[in-house]
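Here is a friendly walk through one protein model, written for someone who likes to have the structure open while reading. Keep the viewer at hand and follow the residues as they come up.

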Amino acid sequence: MTAMESWEKKGVLGGRFFFSMSSNDASTTEKLCSTIARDLVQYIPELAPHVSQAVTQNPSIMRGSLDEQFQTLVTGPLRHRQRRIILVIDAVDECKSASQRKKLLETLSTAVQECNNLRIFMTSRPDPVIETVLGSLSIKSKLEDRLHSVHHRDNIDDIAIYVGQTLDGVLSKDKIQRLVEKANGLFIWASTACQMLTDEANLETPDSLYDHLISLDQLGAIDRVYDLIFERIDEEFHPFLCQMLALLLVAFEPLTIDDMEDLVKHLEVPGTVKDLLSNLGSVLISSTVFQLPSRRKP
């Protein structure tokens, strides 16, 4: 995000796409080209007429293959700009289909070779499909693994930036620094603690919650943080809470609140989903759909 902000200020960011297994639209390549084309228009307005013309000349382009879409909506318009343009493709490994990942890498490789001004910045967990396609290509600048220790300086600095920006105006700077140290390099700990402290449904003050977090025995003890969250739920509702979280854990996709209400009624589980949401803002992400935050231990 920091890199993109910098590139946007310099006027070289062309578009971005974040893959995510928890989303229908973001777990495949179906919306990638249209998303990047939309971003091109937003970030580089001078390309808007060329994107518009490409769609006008080929109105059925969204039914075409990935490489046809990318060539028409992205590569074509980019030929009308001389300056460098950077596209950001994040979490490529979360594209669920291996065949789609392979096709995506091949399409992007072709695009970079056809457009001298195009650069693509990608992130991913180690993935054999990606390594196979990119490994032998001379056009890549770098293919680097950075799964370093949680205690790596870069990791600690990232957590400090995140906590500092999230809790600015909520806690004093010295308390923010102590929370960073307490996280012990675990972003999930820092993220959960920040959500607790900024949750509007809190009955306790941020300083009171901070005291609870700092009093935890171990550094980066995520289980104890979750204990603090669940301790705020009346014991009477614990069986219902377990049933609700179990449903979320086995769901293949995020569920709407109404869907959850229907499911718990069908299972004859007493309780109301909406009543629990206000107390679980640090564990559940709630909007039109809600889900357990990714890679978090429930």
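Leaving aside its neighbours within four places in sequence, which residues is Val74 in contact with? Val74 touches Cys33, Ile36, Leu40, Gln69 and Leu87, where contact means heavy atoms within 4.5 Å.

A word on the ground rules. This is a predicted model, so local features need pLDDT of at least 70 and side-chain atom pairs count only at pLDDT 80 or more, while totals for chains, interfaces and linings use all residues. Residues are numbered from 1 along each chain as its sequence is written, and side-chain values use heavy atoms, with hydrogens and water left out.

**The chain as a whole**

The protein chain has 14 helices and five strands; helices (H or I, at least four residues) and strands (E, at least two) are DSSP runs, numbered from the N terminus. Of its 298 residues, 40% count as buried, where buried means under 20% relative accessible area, exposed over 50%, and partly exposed in between (1.4 Å probe, protein chains only). Among contacts between residues at least 6 apart in sequence, 68% join residues at least 24 apart.

**Two nonpolar cores**

A nonpolar core here is a set of buried Ala, Val, Leu, Ile, Met, Phe, Trp, Tyr and Cys residues joined through side-chain atoms within 4.5 Å. The largest one has 39 residues, and Val74 is among those with the most contacts inside it, along with Phe19, Leu32, Phe70, Leu78, Ile89 and Leu104. Two or more residues each come from α1 (2–10), β1 (13–18), α2 (32–43), α4 (66–78), β2 (85–90), α5 (98–114) and α6 (128–135). The largest share, six residues, is supplied by α2. A second, separate core of 22 residues includes Ile176, Ala190, Ile214 and Tyr226.

**Aromatic pairs**

A search of the whole structure finds three aromatic pairs. Rings of Phe, Tyr and Trp (its six-membered ring) pair if their centres lie within 6.5 Å; planes under 30 degrees apart count as stacked, over 60 as edge-to-face and the rest as tilted.

The Trp7 pair links distant parts of the chain, with Trp7 in helix α1 and Phe121 in strand β3 (residues 118–122), 114 residues apart. Trp7 counts as buried because its relative accessibility is 17%, whereas Phe121, at 40%, is partly exposed. Besides Phe121, and leaving aside neighbours within four places in sequence, Trp7 is in contact with Val12, Leu13, Ile86 and Val88. Trp7 and Leu87 are 80 residues apart in sequence, yet their C-alpha atoms are 9.9 Å apart in space.

Tyr162 is partly exposed at 26% relative accessibility, and Phe187 is partly exposed at 41%.

Which residues of helix α8 (residues 173–183) are buried? They are Ile176, Leu179, Val180, Lys182 and Ala183. These residues cover an arc of only 160° around the axis, so they sit on the same side of α8; the arc is that of the directions from the helix axis to the C-beta atoms. What covers them includes α7, α9 and α10 (206–214). After α8 comes Asn184, whose phi is positive, near 55°.

**Charged residues and cysteines**

Two arginines are worth a look. The charged end of Arg16 sits over the ring of Phe18, 5.8 Å from its centre; the rule asks for NZ of Lys or CZ of Arg within 6 Å of the ring centre and within 35 degrees of the ring normal. Arg101 lies in helix α5 and counts as buried at 9% relative accessibility. Leaving aside neighbours within four places in sequence, Arg101 is in contact with Val92, Asp93, Cys95, Lys96, Asp127 and Val129.

As for cysteines, the disulfide count comes to zero, taking a disulfide as a pair of cysteine sulfur atoms within 2.5 Å. Cys115 is buried at 2% relative accessibility, and Cys194 is buried at 1%.
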